[in-house]
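Hi,

Here is the structure I promised to pass on.

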There are 2 protein chains.
Amino acid sequence: VTAGRLPVVLDAMGGDHAPTAPVRGALQARAAGVDVVLVGDRDRLVAEMAAAGDGGLRIVHTPEAVGMDEDPAIALRAKPRASVRVAVAEYAAGRACAVVSAGSTGATLAAALLGLGRLAGVRRPAVGALLPVRGGVVLLDAGASTDVQPEVLRSFAVMGVAYARALGVERPRVGLLNVGSESGKGNALARAAHDLLEGHDGFAGNVEPGAVLAGAVDVVVTDGFTGNVFLKTLEAARQAGDSTAAAVLLGVAGDVLVAHGASDAADLAAALGTARRVADSGLSRSMAVRLERQGPQGGEP
Amino acid sequence: VTAGRLPVVLDAMGGDHAPTAPVRGALQARAAGVDVVLVGDRDRLVAEMAAAGDGGLRIVHTPEAVGMDEDPAIALRAKPRASVRVAVAEYAAGRACAVVSAGSTGATLAAALLGLGRLAGVRRPAVGALLPVRGGVVLLDAGASTDVQPEVLRSFAVMGVAYARALGVERPRVGLLNVGSESGKGNALARAAHDLLEGHDGFAGNVEPGAVLAGAVDVVVTDGFTGNVFLKTLEAARQAGDSTAAAVLLGVAGDVLVAHGASDAADLAAALGTARRVADSGLSRSMAVRLERQGPQGGEP
């Protein structure tokens, strides 16, 4: 069985509109040629399929799920059969090509680290979001690691380049999100990261938010706090739309995607399509290779 | 002479379009009832007035100016007669009710600290910007102090409340800019600041960018790096418009405003009008009183 024939596994209990939106999104994705397997409560999923008048999606049954307001670490420990954990386990067992969840990003990340581990050389994982600029500009970290050392931003640059290349960008240009374009601008983290990134393959220097939206770079690197504020501000200003509906967890040893908690069926169908493309591009494998070439990354242990 | 009769002093050599835009902005402001005195090169200012067909603005002559690309600290030391320093000196000598400059924010802040000093109890100054939400939501710090301790964010809350009250908000609600509304969210700085602010007069907890734009609070507190990224992202997404054209330097012992470097005449006329209102409200005096009541603020020395 090749990866191309494996289905995408969907945490059907994750998100504000679960399980209705996941089931309907999976049906839409299947109609578009993306095979999906659902993880969740069998009775509820069968009822949703009946309501949609369209059955036939394969279900991996589990009675547990992590709520959006639960502490991820505590919930995952208390619920070994939580749908997001079972979805990751399906992938780990080689029965799916990628994982998608619209549940809590923290819980999905924790489940991915627990079930798959990190890629060698990665100290801190990152959420890689696609900004709706040109073909899609990679923003990382969009929210996984809020307090990081400058060396971690350098490893984010390596992961971001791998992601952009998987998306088809041949020579990705990397910018450091900052409050001015001149070197020496920014807070202590940005100034130190700029020095570390100087000379890095494709590094184009500091970029202000306006330059990012103007498409000056292919990859934007920042810490998870600033990146999340940046992304949420764009979304609140209604410039981001659905393009950020699915983000990739970068640095985990596998292809795992998170969708917005508020995702509807169309958003989830789009996320499942993105997952299919990410899996086909062999993202986590190519990233592992690039990280290995790059040598050990710094950052706190 | 009462403050109400003093002119606003304008650094006529500051900004991308100086001295044309400052001179024309001052003429527009005067037509709207705001008296202005210009600081800059007399010959150039007289020529600009002649070109505008409207003379009669008072000029304080100085041959020096700080360029937008100069290091503020170095430039101010090398140019004791720089227009922004002379403008601050006019205010300090009691010949103006407020200062406006569209030059580099760093240079204006340095000139203000040099010429006026800080309000008692303020460890770090902040740029207080008005977001175009309802009557105007106060964002601080929009860019003065990029690396701060949690105690500094508490003093920003005190200054922000004073500013909002000067703008006519009776009981300002204060939010901490964050990536989630629940307590415990955010980076180390935000988590510690949340704990410090809990119980603070008017504190409404964490606010996400969307809640800020929805008008959930009157004052938004954050560090100068995050605040500047937030503001620039809003501007780049074209949601901010001219409402942020003028921002107040909070924590300096006087009423000093910075306008966008790209300001045109209309932007500067609006900034001069804002300066007039800030002076009439007695902002820096009322802030001094509130800070004194609040007792000593923490933060790094």
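Six residue pairs are in polar contact across the interface of chain B and chain A, in what is a predicted model. On the side of chain B that touches chain A, the elements giving two or more residues are helix 7 (188-197), helix 8 (209-213) and helix 9 of chain B. Helix 9 of chain B brings the largest share, nine residues.

There are two salt bridges between the chains. In one of them, the side chains of B:Glu208 and A:Lys232 meet at 2.9 Å, N to O.

As for the extent of the contact, each chain is involved with 25 residues from chain B and 25 residues from chain A. About 2,100 Å² is buried between the two chains, and carbon and sulfur atoms give 71% of that area.

Beyond its neighbours within four places in sequence, B:Thr233 is in contact with A:Pro209, A:Phe230, A:Thr233 and A:Leu234.

How are the two copies related? Chain B superposes on chain A by a rotation of 180 degrees with 0.0 Å of shift along its axis (RMSD 0.0 Å), so the copies are related as by a two-fold rotation axis. The copies also meet through the same surface, because 100% of the interface residues of chain B are interface residues in chain A too.

Happy exploring!

How values were computed:
Residues numbered from 1 in each chain as written. Chains lettered and ligands numbered in written order. Predicted model: local features only at pLDDT ≥ 70, side-chain atom pairs only at ≥ 80, totals over all residues. Heavy atoms only, no water. Contact = heavy atoms within 4.5 Å. Least-squares fit on C-alpha atoms with pLDDT ≥ 70 in both. Buried area = accessible area lost by both parts, 1.4 Å probe. Salt bridge = Lys/Arg side-chain N within 4 Å of Asp/Glu carboxyl O. Polar contact = N/O pair within 3.5 Å; in protein donor to acceptor, adjacent residues only side chain to side chain. Helix = DSSP H or I, 4+ residues; strand = E, 2+ residues; numbered from the N terminus.
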